[in-house]
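Student: I'm new to this structure. Could you take me through one metal site in detail?

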Amino acid sequence: MKIIFLGAPGAGKGTQAEIVSEKLSIPTISTGAIIREAIKAKTEMGLSAQVAIEKGELVSDEIVIGIIKDRIVQDDCKNGFILDGFPRTISQAEALEKMGVTIDKVVNIYVSDEDIVKRMSGRRVCSSCGASYHTVFKPTKDNKTCDKCNAELTIRKDDAPDVVKSRLVVYHEQTAPLEAFYDKKGILVTVEGQEELEDTTKLTLKALDIK
Ligand code: ADP
Ligand code: ZN
C-alpha cells in the first residue's frame, strides 16, 4: 500500500501517518523530518534547505525529490510506504509519477486556517529524536521532556506565528492544487480533522478501510 497524507501545516497529518504506518507495518517518509535531521547534522543539503525552511518557504523541488528517490528504494519500502509532506507541489507529484510510483490513496486532512493558527502555538518537538507533540492535543507526561527518549522538548522555528501565516499562504498557493490533481484520479479521500486526535484517527482508518 502506498499512501500520501495531504493537509495544511499543523493539520495533524504527521501524527495520523505514524499511526497508520504502525498498523500497516510500512514506513512513514516525512520530508520535513528528514530535512530537519539534515539541518541538525549540518550536512550540505541541510545547510542549503535551512534558510527556506526557517522562513516558511518550500525547499527546492530538486532537494526533496532527491530525498524521496533515495528513500523509496530502500529495503523497508518494498511493501509500501506513507508519504508525509511530499508531494507539496504539482511538479513534485509529477516527479513521483516519473519514478514509477503508483499511489493507492491520498488522505487529505482538512482543518480551517483559523484552527491551524490556534493549534500551532502548542506544537512541540523533541530536540533529540524528533518526535512531535502538542501541549493540549498530544501532551507528554510532563510537557517538558519527550516520552520516548526523555530529551527536552523545543518549539520549531517555523512554528512562530508569523512564519505559520506564510506557510499557510504557501500551502494554499502551491499544495492545495494537489487535491484536485488526485481527486481527478479518483484516489482522494478527505478527512475532517477533529478536536480529539483519536477521533481523527477513527475517520482516517475508516477512509483507508483499515480495521
Ligand atoms: P508541516 O506539515 O507542519 O508543514 P513539515 O515537517 O512537513 O511540516 O515541513 C516543514 C518544512 O519543510 C516546510 O515548511 C518546507 O519548508 C519543508 N518541506 C518539507 N517537505 C517539503 C516538500 N515536499 N517540498 C518543499 N519543502 C518541503
Ligand atoms: Zn525524543
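Tutor: Let's look at the zinc site and then at the domains of the chain. Before that, this is a predicted model in which local features need pLDDT of at least 70 and side-chain atom pairs count only at pLDDT 80 or more, while totals for chains, interfaces and linings use all residues. Residues are numbered from 1 along each chain as its sequence is written, chains are lettered from A and ligands numbered from 1 in the order in which they are written, and side-chain values use heavy atoms, leaving out hydrogens and water.

The zinc ion (ligand 2) is held by the SG atoms of C126, C129, C146 and C149, at 2.3 to 2.4 Å. Donors here are N, O and S atoms within 2.8 Å of the metal (3.2 Å for Na, K and Ca), and since water is not among the atoms, sites may look incomplete. The angles among the 4 donor atoms run from 97 to 120°, making the site tetrahedral; for four donors, that label requires all angles to lie between 85 and 135 degrees. For comparison, the ideal tetrahedral angle is 109.5 degrees.

Along the sequence, the donor spacing reads C-x2-C-x16-C-x2-C. C129 is partly exposed at 39% relative accessible area, whereas C146 is buried at 1%. Buried means under 20%, exposed over 50%, and partly exposed in between (1.4 Å probe, protein chains only).

As for the domains, the chain is divided into domain 1 (2-111 + 162-207) and domain 2 (122-159), with bounds from an automatic or database domain assignment.

Methods. Four donors count as tetrahedral if all angles lie between 85 and 135 degrees; four count as square planar and six as octahedral if opposite donors are over 155 degrees apart and all others between 65 and 115; anything else is irregular.
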